[in-house]
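Let's take a walk through the disulfides of this protein and then look at a pair of helices. Have the model open as you read.

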Amino acid sequence: MVTLSLLSLCLLPLLAVRGEVAPNFDNCKDSFFKKTPVSGLNIALPTPIEPDTQGLENPEKCLSAYSAASPAYICQRNGNHYYFATLYDRGRRIPLYSAYEMDIKGVPGREGSIVYYEPQLVHPDLTIQQMDKKGSLSEIKKYNQNNGCSERSPQYRQNYKLGWSQALDDNFGSYDRGHLNPAGHHKEDASKVTMTHTNVAPQDRRMNNGPWNRYETRLKDVLSAGCSKMYVVTGVVPSSMWVDQNQRVNVPSHYWNAYCCTDNNDKPLKSGGALGPNTAQGVVTEYTSVTVLETELRGLLNVDNNFNIFNGC
């Protein structure tokens, strides 16, 4: 029994959903066309700074996301396989984009619910395993105990630290938690990996369940026809709106999508994308060229010509 228990504990990290927070996307470059991440998207807000640190002991060790760089580069994985990449805006507590290779031939499946959080956004030396809220809070509790972070200080309490580093389930108000990398573009384990709060942003419910959902389905069932591979990047346009007056979680003004269709040799066959206002009455506009979409996005995102979604597609 002891041997079996120890074996189970050893296997657990290999079987669990993981997300690695790193300085770059080197470990998950396969999520991008030609292994080249989106360039020129330097719009992330700085990591929030705790305003009240008077009397706190060891704040550089105990404060959530202390001096952490924004954006955060997250390689989303399950077991030993990397499935997609997410650029996470710590200041707005939303992903700016998720990049992935669509499973064109697989039967799509939605495995589980959006329950996972990223402990490494709280402290970089926490587990790379994504966890549900209970597990994340347990990790933070152990960290506090091991590092002398007394929870008598409100800023060191588990729920506070988790919510300081990322959006929580109850931070979305009346908005849906809109996937950037949708579960329906994958099957089985890959679908499960998408169920993380680092892959969702506040999305109008009608837009999410209506025009945007129909576009995601069309992308999988129609636009991928004739492609051997389909590289996809889905992102958001941040706005001046927030879910509530505390300005914890930003509400995007638009959702956008870009795809690059290639043959067996990764030679581009076609590209395109879509853009939709994040409103109940929003209409999704489709583009038959990523270049045209990029031109539109440069104005919305207020970025220059260095912004490129794909390199040569």
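Cys227 and Cys261 form a disulfide, with 2.0 Å between their sulfur atoms; the term is used here for a pair of cysteine sulfur atoms within 2.5 Å. The link of Cys227 and Cys261 is left-handed, with -110° about the S-S bond. Cys227 lies in the loop between α7 (211-223) and β7 (229-237) and Cys261 in strand β8 (residues 254-262), so the pair ties together parts that are 34 residues apart in sequence. Helices (H or I, at least four residues) and strands (E, at least two) are DSSP runs, numbered from the N terminus. Cys227 counts as buried at 10% relative accessibility, and Cys261 does at 1%. Buried means under 20% relative accessible area, exposed over 50%, and partly exposed in between (1.4 Å probe, protein chains only).

Strand β8 also holds Cys260, which is linked to Cys313 in the segment after α8 (290-301), 53 residues apart. The S to S distance of Cys260 and Cys313 is 2.0 Å, and the torsion about their S-S bond is about 100°, so this one is right-handed. Cys260 is buried, at 0% relative accessibility.

## About the model

This is a predicted model, where local features need pLDDT of at least 70 and side-chain atom pairs count only at pLDDT 80 or more, while totals for chains, interfaces and linings use all residues. Residues are numbered from 1 along each chain as its sequence is written, and side-chain values use heavy atoms, leaving out hydrogens and water.

## A link from α2 to a loop

In the whole structure, a search finds four disulfides. One of them joins Cys62 to Cys149, S to S 2.1 Å. Cys62 sits in helix α2 and Cys149 in the loop between α3 and α4, so the pair ties together parts that are 87 residues apart in sequence. Both ends are buried: Cys62 has a relative accessible area of 0% and Cys149 is at 4%.

## Helices α3 and α4

Now for the helices beside that loop. Helix α3 (residues 133-147) and helix α4 (residues 158-165) pack at about 110°, their axes 9 Å apart. That makes α3 roughly perpendicular to α4, a label for angles of 65 to 115 degrees (under 35 is roughly parallel, over 145 roughly antiparallel, the rest oblique). Axes are lines fitted to C-alpha atoms, for helices over the stretch in contact, and angles run from 0 to 180 degrees between N-to-C directions.

Six of the eight residues of α4 are buried, so α4 is largely enclosed by the rest of the structure. Among them are Leu162 and Trp164.
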